[in-house]
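Here is a short note on the aromatic rings. Please read it beside the model.

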Amino acid sequence: CPMINNRAEAEAFVSALRYPPNGTRSFGPTRANYAAGSGYAKEANNEILAIAMIETAEALENLDDILSTPGVNAAYIGPSDLAYALNMAPTGDNSHPEHLVAVKKILAACQKNGVAAGIHTLSLEYSLRYLDLGFNFVSLGADIAFLSRLARKELKEARTASDTPQIKT
């Protein structure tokens, strides 16, 4: 869930994910039954992960309150939104030292509170860097970026290899 800022929002988030008596999620698992089987509603409370996105200045001030909320399983950092919270441009993979300090602060709070720590990256370099720091998971890039990068590369190779005149685009 994006933009979790405090314990009250974390509690509401966790509650909305789970069926009673553990939460306030409404019953209606018809579609889920097709994908997960007829026991979905019975097993869902034990299967669903509550991953709170930490990406605002308020969340940075409330890390322990958010991450110690019963039912929060992990924190996930959106580096561009975190950059906004630090009054920086949203660059994705961010090399600014202040950004790294905030990332390490979130990681330490996750470790202290026994929840998994994750972060979005745009490159293998940053994925490996964050895994080496102790992150439990990273999401490397996005499908559209991978497809676009390969398309540009192969189009460039095709234009370079071809002896035919180029049409300017």
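1. A charge sits over a ring if NZ of Lys or CZ of Arg is within 6 Å of the ring centre and within 35 degrees of the ring normal. Arg129 meets this for Tyr126: Arg129 lies over the ring face, at 4.2 Å from the centre.

2. On the basis of the note. This is a predicted model, where local features need pLDDT of at least 70, side-chain atom pairs count only at pLDDT 80 or more, and totals for chains, interfaces and linings use all residues. Residues are numbered from 1 along each chain as its sequence is written, and side-chain values use heavy atoms, with hydrogens and water left out.

3. Rings of Phe, Tyr and Trp (its six-membered ring) pair if their centres lie within 6.5 Å; planes under 30 degrees apart are stacked, over 60 edge-to-face, the rest tilted. That rule gives five aromatic pairs. One of them is Tyr19 with Tyr40, edge-to-face at 6.4 Å between centres and 85 degrees between planes. Tyr19 lies in the loop between helix H1 (7–17) and helix H2 (30–36), and Tyr40 in helix H3 (residues 40–47), so the pair links parts 21 residues apart in sequence. Helices (H or I, at least four residues) and strands (E, at least two) are DSSP runs, numbered from the N terminus.

4. Tyr19 and Tyr40 are both buried (under 20% relative accessible area; exposed is over 50%, partly exposed in between; 1.4 Å probe, protein chains only). Tyr19, Phe27 and Tyr40 form one aromatic cluster.

5. Tyr76 and Phe137 are stacked, because their ring centres are 6.0 Å apart and their planes at 10 degrees. Tyr76 belongs to strand S2 (residues 74–77) and Phe137 to strand S4 (residues 137–140), so this pair ties together parts 61 residues apart in sequence. Tyr76 is buried at 15% relative accessible area; Phe137 is partly exposed at 27%.
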